[in-house]
Each structure stands twice: as C-alpha cells, then as structure tokens.
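Dear colleague,

Please find below the structure that I am handing over to you. My notes on what was found in it follow directly after.

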Amino acid sequence: MVEEDEAAGAVTGGGTDSLQKSRPDYFASLRGGRAPSLRLESSADDDNENSAKNTSDEPTDVASSLTRTELSRRFASMREIRSSDDLQQVEVRVNNYSYHVPIRVDAPSIKTVINQSPCYVATNFMQNVGELITGKRKVGDTLGHYEDKWILKDINLVLKPGKTYLVMGPPSCGKTSLLKAVAGMLKPSGEGGKIEYNGISKKDEPDMVLQNIVSYVGQLDNHAAFLTVQETFDFAANCRIGTATTSKDSGGNENDLSENLTIDGLDLAVCRDTYVGDANNRGVSGGQRRRVTVGEMMVGQNPVACADEISTGLDAAVTYDISSSIVTFAKAAGTTRLVSLLQPGPETFSLFDEVILLAEGRLIYTGPIDEVVDYFASLGYKQPNTMDVADFLQSVATPDGATMFHADESPMDEHYSASSFAEAFQKSTRHDTILTELSSPTGGRWSNKQLDSIDEENPDGDDQNISNAIPEEIKDQYKNSFFTSTKLIVKRNLTLLKRNREFLIGKTIENFGMGIGMALIFLQSAAFPSGVNQSDKVAEWFSLGCPEDGFTDDVSLAYDKLLAGTYSSIFLGCFHILLGTLTGTPDEVDQRSIYYKHADARFFQAGAFLLGGQISQLPLLFMEIVAFGLPFYFIAGLAYEAKAFFIYLAILIAYKFALKMLYGVLVQTLPKKANVQGVGTFLYLLLTLTSGFIVYPVAIPGYWKWLFYANPMAWAMQGMASNQFFSSKYSGYVCERISLGELALEIPRGWESGGSVWIGYTFAFLVPYIIVFGLVTWLALKHIRIEPDRQHVKKEVNIGAKKEKTEEINVPFVPVDLSFDKLTYEVTASTSKEQLRLLNEVSGVFKAGRMCALMGSSGAGKTTLMDVIAMRKTSGSITGKIELNGHEQERTSFLRSSGYVEQFDVQSPELTVRETVEFSGRLRLDSNDPAIGDDETKMKFVDHVLEIMELTDIATLQVGSFEEGGLSFEQRKRLAIACELAGSPSVIFLDEPTSG
C-alpha cells in the first residue's frame, strides 16, 4: 500500500440521534451534527519525534520556504555561471487564438465487444458506403460523421514577465488546453490565431524550440518509483540544462545550483534521499510527490512555466505551500507562471497577480484579482457573504451562478451564458487594453535584437532578422549530444534495475526453474550418442557404413527419438523466450506516460531513449538467458561442447532482442494494454505455427512460405539446429557422402542442411531484423503520442440545476462509535533497514452521527491512520487497540460495515456509471433485511445515491480509464464516493474527497 499521507479524511457513522434510532436516515446523518477535527500529534519525546522527521519516508514536518531575497541571490549565481544569460524575461501574447478538435458524433455511445469488432466496423463501413451512394452521406463522412468541437475560442491575453496568473473555470472549460497551447503542445491542425514569445511566433521561426522557453507540468505524477527525489532532479537537470560544467570563477556548477534551488524552494530537502514511489511502492508522501512533479519541470528555470491542476490530490495547506513557492520563484527570477487550479482557498487565491477565467472554452475575464469581484458586480453578480472569491468565480458561469444574479443591477434580464459572458468581456475596457497591448511593439529583448539586426540594405530580410533575434540557446533541440543522452539513460535505467531486487530475484528463480522443469520433460532426449534415448544405435549403424539391412525398426525408432528430442528441446527454448516476451510487454505500456513527459520536454532524443533502454536491458536479458539456458541445455542433453553452448546462448540473446523490438512496436503504436495483449497473442500464435516445428518447413504451402522466412523464431531454430547437428558430437558419422547432421536436418522436416554457415545466416537475419524494427519503434517514439479519448456528451452536468427529484429511500444501518487507543505503526525505511515510526501512540474517538476532519501537514500520517483503522495495511508492525461500540475490531464484520474512498480509486472501465453503483449496491445491501426487501428497493436507493452525488446526467457513460479515456478526474471521484454510499456503511473513510 503506497504511503500517500497528505490526504484529508472524514469519518461518519450512525444517524442524527444515532444509538437510540432503530432505522436512522443515512443521508441525514451526513448532513447533521457538528464536525470536530482531529489533528495528528505524536506523544513521543522530542528526540524520537525529531528523528522520525529527519529519516522517515513520510516526514512529519516540512522545511521553511526560502525567502525571496535568498532566491534572488541564487538566481544571480546561476546567471554568473551561465556563459550567456538565457534566463531572459519573455512576454507571451495570445492573439485571437482558437482551437478545435474533430469529434465523431455517430460512434456508439457505449463500447462493447460487438461494436468494436472488425466485423462490426466492416458492416458499418458498407452501410456508410450505401448511404453515400444514395446521397444520405457526404464523401468525407464515409468512415464516420465528424464535427468540430471548439475547445478554445477567441482568446486574447498578454502574459508579462514576473507575474503569476491563476487560470480558473469549471471542469471542461479549457484550462488544460490553454496551458498546452502556451506550451506549444497542441496539434497545429486545429489551431487558429497565433501565440508570440517576445514578438516571435513558432510560425515565424520554425527553429525556435518552445521547450526551451516554456515548461509544462501535467496533472498526474508519473515518475520512476525507485529513484530518489535527488536522483530525479539530477536526471532532469542533466537533461534540461546539459551535463554539469563547472565554472572556475564561481566555484560551482549550474546543475547543482538549479537543483538545490528547486529542492530547497519546494521544501523537498527533508526527503531528498527518499524514493519517489508510486501506487505500488512506498515512497514520499503524495504532497511531496506532487512537489517533485512541479520541480522536475522547473529545473533550469525556463522563462515561462505552465502548471496544470497542481492541487490534484492535495489538501489546502500543501496547495498553498506549492503555489507560494511558485510565486516566489517567479518574483525572484522575473519569470512568467500560469497555474490552473480548480478550487483554491482564499489564501492561495490571493498569492496570484491576475486571474484568467474560462467558461466553455471562452475567455470571460482576465485581469488583477482585486478587480474581478467589481467587474462581475457590474454584470449583476454579487458575491455572497458565505462564499470566498475563488468559489464565487468557479460558480458564476455555471447554473449555480443564477442564484447570485440580480437582474435589476445587470444589463441583461437573465443569467448569462458562456458566450454572453465572453461578449460582455470583449466590450469591457480591460479587453480593449489587451487589444491595444497586442497591437503595440513588444518590449522583450528579442524584439530589440530584431530591430538592431535589420540590414538597411536588405530591409525585406525578415526571416534572417527574426532568426538573428532569437538566442542560440532557444534554438537548441536538445541540451546534450546523442551519446551523452544515451549514457544518462543507461545510468538511470541500470539504477532502477539494480534497485528492483524483488523483480530480479523473481525473474532469476522463474527462468532457472523453468529451465530445469522444461528440460526434465526431455531428459537427455537430445543426447548423442546415448543409451538413454537409444541414439547409440544410430551411431552404431553409421559406424557400420549404413547397411540397408541394418536399418531395423529399433534404429528407425532411435533416429526418430533423437530428432524429436533435439527439435523439441530447441523449440521449447524458443517458445519460453517468446512467451516471456509476450507476458512482459503489456507492463511496458505503463512507462509510456513517463517517456511522453520527458520527450515532450526535450529531455533526450527518441533514438537515445531507445538505444539506452536496450543497452541497459542487457544485464537482465543475459541473466534471464543464462538462468534458463544453463540448466536446460545440459539437462536436455544438447551437445556437450563449449563452442556449441556459447553459440546457443548467443542465438537466444539475439532472438530475444528481435522479439523485444517486434513487440516494442506494439507498445508504442497501440492505444492500451488490452490491444497490446491481443495483437501480441496473435503474433505469438502466428510465430509458433510458422516456426517449422508444428508444421515442418517442407510441408508449409508456397504461398505461406514468406511467413516462415520472416519469422525470427524459425531462424533461431534453424541456427540452433545447425549448431547442434554440426557440432563435434556428430562429426565422423558419414554415410554415402551425407553426414548424420545433414540427414537430421533434411529428413523428414526439410530444414536447410548447408552446414554451420547457416548459423551465420541466422545472425545475418536477426541483426537486421533488430535494426529494422528498432527503426520502426524509433519512428513511433518520435511521432506517435497516444492520448486517452474523453467522452463528449451533449448534455453537461448541471450542478445546482433543477431536476426531478427521485424517491428518497432510507436504508437502515448500525450506528457505530469507533475508538482507538495508542495506535503505533512502524515500517522499514525504503533506503535502509531502519525502523520508522509513522504513527506514535495516536488515540481518539469518532462518535456516531458526526463527521471528523482529519488534519495535519503533508506527511503527518493522515492516510496512514485511516489505513490502519480501516485494516488496509498489509506490511509493517501495528500495535494498539481499536474498538467499535466497545467491542474489539473484528475483520469480517468491520469490512462489511465500513466503506473506504481511496484518493485515486479504480473502477471497472467497461461498466457505465449506473452499472458500477448498481453492482456495489446489489452486492453490499442485505436482501434479507425487511427494510430492503427486493431488488427494486435497492435500485431506488441507487437512484437516490446517483442524485445526491449529481451523477444522474452521466449515468449512461462508461467509466473508462486514464489509459484509454473516459470520465474526468472529478467525475471519477464522485463515482468512487457513490459506490461506497450505495452500501449504506456504518463508517465511511474518505481520503482527499475534494481532490480533482
């Protein structure tokens, strides 16, 4: 269980008056009662507590942020080290920018096996062709009818250096798309208008590399789990700045200064030597991991940075800390920062200079944060006294905004739509000021250089002038050479491989065991000459000169056994390698997101990533081949000869590489694991059938022969068979100018018998095969980006809109008073054998009918406490007492009466929202309870749950996954809560229910 201990939790149980009520209203219990809070504190002495803070993987304290003066001093040190001042201030101008994507509107709303099958696609295509012939469909709609959906429309902005901008708006308003547009990460085919950087756009100067100007921080934390925080920043610094070059004058190097500046500024110094971790491996806390995500892209301090939803999964305090660090960085360095937040607290909101407010892809306000309330007041919207500014801005463009609209103080008679808001802002003086700035010359340094570089004799040489205006550092495609990037990747991957000890040990045992087990099936069946398989009779027959009358049934049977044992042993070795490659390939899909993040930020060349990855896999590949081949080769009885043995291993290694390249193409071109597994299985069957073992080469029809010659498994078997039958064990056995080895290859299977030269031909095929599919993989890495498809619905979720109420169903449950006394939880540190105490004698009582807010700083142990109470910890040592209504906690009954909403929950992607909640309700509600009775009552309760969680409008959408698309993060969070409420639990734990 990953330690994501920055989350806030809530515990509820029972009804409003709880214990005396026999059938309490569950939802009333959620609404009623006071909400006490529990703050985690340790009762240990100061020495032990401080020790835990300094060594724990999840520190219980964070360092103080650097002052702006200290940051400014460090930035000055970085400028002294750099050979040229590329920490330049950049002004970004967004001029009438729009972006649209094609959306297929006639696609099936729910994906099933049937409508995703090739037969359905072919039938649908023929149906479209028929409609095309009859004139019901246009030519361009043969493969489906697509319509353009505007993600952003008519955006005008001026982003000035040294300022921080907060991008806000309701879900699906275009925040992420705006940040990606500024970062140059959207497809040019859907773009309109232009974005300029110091007066120069990408269209004006194709050599300008935007990744050297703009950093982009994504919503998800994708990191290598077994790298420490320091190592993650080391790799980022070496890739983004270049390998360290020390300055004699300053006595430091830029990489170290930039890393330390980022680590200290983001309060990560306390955990710099702790693994980053992930969902399956314990590491830093969730808040610290989010800081790592931000800092990784901030290393090098690009002039502009876009941070998308940095508050996802974080509490308000951690969000404030990270936002404060970003703002302090921007002020000290004079850089531009755009940060999108869904629901910032008042303290976080006040940190920013200006706010950019979007609604349905349109700009409805941009300007200073202290003017935004007055602007909307002029439109008739007043901020309620019970609502802070950020919540007011989030709601104003939604149906909830109608409750804050005052028609008597507005130019309009009804609540503004998104387009009305945009039109009103375009008529404002603030928008006029933006248009004036967009039409005026930029004050950036590049434009000054451009003016200075104008050749008076050639005033029309605009392209050359623009090229001269851009610093050379901005034109660098990558900061390192191909060779240096490869070395960095090899070093990083070897570090990860070395630390994944469980995987290495498991792989070694697996291959060694499979080698012994599979070889025992054909124990010494390939040995020659041997009495075990009676092959000595074949040797004797050859030694007698191959007399015709001497070829008895016994000799024939011995010959067949020898061939069967030898070819079966060779085939099983190749089959095992193929099966291992197939089963390991889908897991590589999970690493794509990390590669995309690094490659899109120009960390390294695609070729360097591919080559470095393959080189770093050599130790693992060699270990697997030796662990399998060593026992298998000798137990099966293959030629006891050093030369033959090492050729056998070399062929297996080349064959393994060829398969990895072949399946690597699938990983980089297919959208999800299921596709990789499906196509990979088809290739697995095809390679096996055409390998020459199941169907002999001589029996393969001529029109399928090309599959045999294009099959790496067939070439590996040909090489190993030639290696076996032309080894010294078979030398001297010749009859009528044909050797036993040639005979074994030719009759009856029909393999090539031209001698050991076919071993060379095997390598001559496998090496180019590796190169060809390596090139295909390189092209895929360079040009293909597989992103999840989001479901687009015409009817949006209208929070607060009037809807038909469902029947309210009260499902009974047992109210529970939960108490815990002196809970202690200890684990072994990830980088040492030291015991870390994450919970130190924590005690408390949660009364029925009340909500408790679990609070504490990042890494304080909030999620750990909930996990321990909820019996979700499977490792470490737990001591203390937990009681429910005075009875000691018992696992089975507690799990049936409790619910737990994880911070990042996982649902079945193929089910719809309603089906997911129905499944939970049907399984967890007791049909034997008279109050529930039949399935109809359960479904009414499910409808009620969907209504209160505002999921009714999207009930028919498939959940999907982050890999293939589906519901948004916010919708998934509400669905996760609904699944637990559908079971009507007595106690419910919510880990960061507001994230997303």
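Over residues 682-704 the chain is 35% helix and 0% strand, with the end C-alpha atoms 16 Å apart. For residues 620-640 the figures are 81% helix and 0% strand, and the end C-alpha atoms lie 26 Å apart. Helices (H or I, at least four residues) and strands (E, at least two) are DSSP runs, numbered from the N terminus.

The model is predicted: local features need pLDDT of at least 70, side-chain atom pairs count only at pLDDT 80 or more, and totals for chains, interfaces and linings use all residues. Residues are numbered from 1 along each chain as its sequence is written, and side-chain values use heavy atoms, with hydrogens and water left out.

Ser691 is located in the loop between helix H26 (673-689) and helix H27 (705-709). Ser691 counts as buried because its relative accessibility is 0%; buried means under 20% relative accessible area, exposed over 50%, and partly exposed in between (1.4 Å probe, protein chains only). A polar atom of the Ser691 side chain lies 2.8 Å from the backbone oxygen of Thr688. Apart from neighbours within four places in sequence, Ser691 is in contact (heavy atoms within 4.5 Å) with Phe571, Phe708, Asn711, Met713, Ala714, Met717 and Trp751.

Met623 belongs to helix H24 (residues 618-636). Residues up to four places away in sequence aside, Met623 touches Leu504, Lys507 and Thr508. Met623 and Thr508 are 115 residues apart in sequence, yet 7.1 Å apart in space, C-alpha to C-alpha.

Arg592, in helix H22 (residues 592-600), is buried because its relative accessibility is 5%. Beyond neighbours within four places in sequence, the contacts of Arg592 are Val667, Gln668, Leu670, Pro671, Lys672 and Ile786.

Turning to charged pairs, the count comes to 29 salt bridges, a salt bridge being a side-chain nitrogen of Lys or Arg within 4 Å of a carboxyl oxygen of Asp or Glu. Asp935 pairs with Arg922, the closest N and O atoms being 2.8 Å apart. Asp935 lies in helix H34 (residues 935-948) and Arg922 in helix H33 (residues 913-924), so this pair ties together parts that are 13 residues apart in sequence. Asp935 is partly exposed at 36% relative accessible area, and Arg922 is partly exposed at 37% relative accessibility. Both residues belong to a network of salt bridges that links Arg914, Glu918, Arg922, Asp935 and Asp943.

Glu936 forms a salt bridge with Lys940, with the closest N and O atoms 3.9 Å apart. These two residues, Glu936 and Lys940, both lie in helix H34, four residues apart, about one turn of the helix. Glu936 is exposed at 51% relative accessibility, whereas Lys940 is partly exposed at 30% relative accessible area.

For the chain overall, the secondary structure comes to 35 helices and 25 strands, and 53% of the 996 residues count as buried. Among contacts between residues at least 6 apart in sequence, 78% join residues at least 24 apart.

With kind regards

Notes. A polar contact is a pair of N or O atoms within 3.5 Å; within protein, one must be able to donate a hydrogen and the other to accept it, and residues adjacent in sequence count only if both atoms are side-chain atoms.
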